[in-house]
Amino acid sequence: MHAIESKKRIQTILVLALIVLCAAAFLFPIAWMLSTAVKAPEDIFTPKPELIPSTWQWHNFADAWSAQPFGRFLLNTLIVVAVSTPFAMLSATMVAFGFARINFWGRSALFLFVIGTMVIPWDVTAIPLYIQYNKMGLINTLWPMILPGAFGSAFFIFLARQFIMGVPRDLDEAAEIDGCNRWQIYWSIILPLCRPIVVVIGVFHFVWCWNEFLTPLIFINDQSMYTLPLGINLFKNAFNIEYEKLMAVSCLSVLFPATLFYFTQNLILGGISLSGVKK
């Protein structure tokens, strides 16, 4: 008995040590970003790098924010997020409802085709999208960042479909007996029950829009339409990189997504786990 308890204790210690090492590996870049954000430029690259700076330059945050029109960049990013996220949540659940609840010819093949689009590299569609948006007069606007996500993502459709398939069909049948049509079943019954997975889709889409760099880089040339990632990139040029300002604004830019994740983490974990359960 003593040997078994010792073995379990050793296993627990090893697991905890592994968790601590993994946590340290993930947290170290964040700690280094925070450290660099409050360092003087001459203290960033030293023969002996220091995680805790000798002098704390708190004014780096204000200097970095005022160096470029980050208020405008933040507004542009919030517009993209605020407009596209509700549409992303609604479109993904609507399509998923069709795949999970409506029987039609070729449903499985069409669903596989939708899932197959996930393996298509974004680079393949970049040029056709640019030509299309250019003909529509949407270059140098925020619409190229809003439209793609607003009309559904294959990954979000997959998550929502798996979740809806776990909802008992008895609810649909009871609603049909009461005279509900398919839209009423979706809007009044399925969608309220999909709250966990809807939150997952919303948070994931929010973070994707917030961090997206390549799409605005290609479709936006007017600096007044820049989003936060493009604005942060302005601290890099051919001759110099202002690391302390770059890291300072990076710290500020992660506050909103980190706060959102903190308050929704239970719903996110629950929604993802439930999306893989088929009743």
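A cavity is a set of grid points inside the protein where a 1.4 Å probe fits but cannot get out. Keep that in mind as we walk through this model, which is a predicted one. Rolling a probe the size of a water molecule over the atoms shows where empty space is left.

The largest cavity has a volume of about 40 Å³. Around it you'll find Val-80, Met-145, Cys-209, Glu-212, Pro-216 and Thr-227 as the lining. Sort those residues by class and you get four nonpolar, one polar and one charged.

Now for the open spaces. A pocket, unlike a cavity, is an open set of points. The largest pocket here has a volume of about 820 Å³. It is lined by 28 residues, and the closest to its centre are Trp-122, Pro-148, Gly-152, Ser-153 and Trp-208. Which elements give two or more residues to this lining? They are H6, H7, helix H8 (154–165), helix H11 (195–211) and helix H12 (214–219). H6 hands over the largest share, five residues. By class, the pocket's lining has 19 nonpolar, eight polar and one charged residues.

While you're looking at H6 and H7, follow the chain from one to the other. The loop between helix H6 (122–135) and helix H7 (143–150) is the place of Asn-140. Is Asn-140 buried, exposed or partly exposed? Its relative accessibility is 29%, so it counts as partly exposed, given that this class runs between 20% and 50%.

Next, head back to helix H1, which covers residues 2–37. Ser-35 sits in H1 and has a relative accessible area of 4%, so it is buried; the cut-off for that is under 20%. Phe-28 is also found in H1, but its relative accessible area is 46%, which means it is partly exposed.

Ser-35 and Ile-52 are 17 residues apart along the chain, and their C-alpha atoms are separated by 6.3 Å.

Terms used. Residues are numbered from 1 along each chain as its sequence is written. This is a predicted model: local features need pLDDT of at least 70, side-chain atom pairs count only at pLDDT 80 or more; totals for chains, interfaces and linings use all residues. Side-chain values use heavy atoms; hydrogens and water are left out. Helices (H or I, at least four residues) and strands (E, at least two) are DSSP runs, numbered from the N terminus. Buried means under 20% relative accessible area, exposed over 50%, partly exposed in between (1.4 Å probe, protein chains only). On a 1 Å grid over the protein atoms alone, a cavity is a set of points where a 1.4 Å probe fits but cannot get out, and a pocket is an open set with protein on both sides within 12 Å along at least five of seven lines; lining residues have an atom within 4 Å of a point. Grid points are joined across faces, edges and corners, and a volume is the space filled by probe spheres set on the points. Ala, Val, Leu, Ile, Met, Phe, Trp, Tyr, Cys and Pro count as nonpolar, Asp, Glu, Lys and Arg as charged, and the others, Gly among them, as polar.
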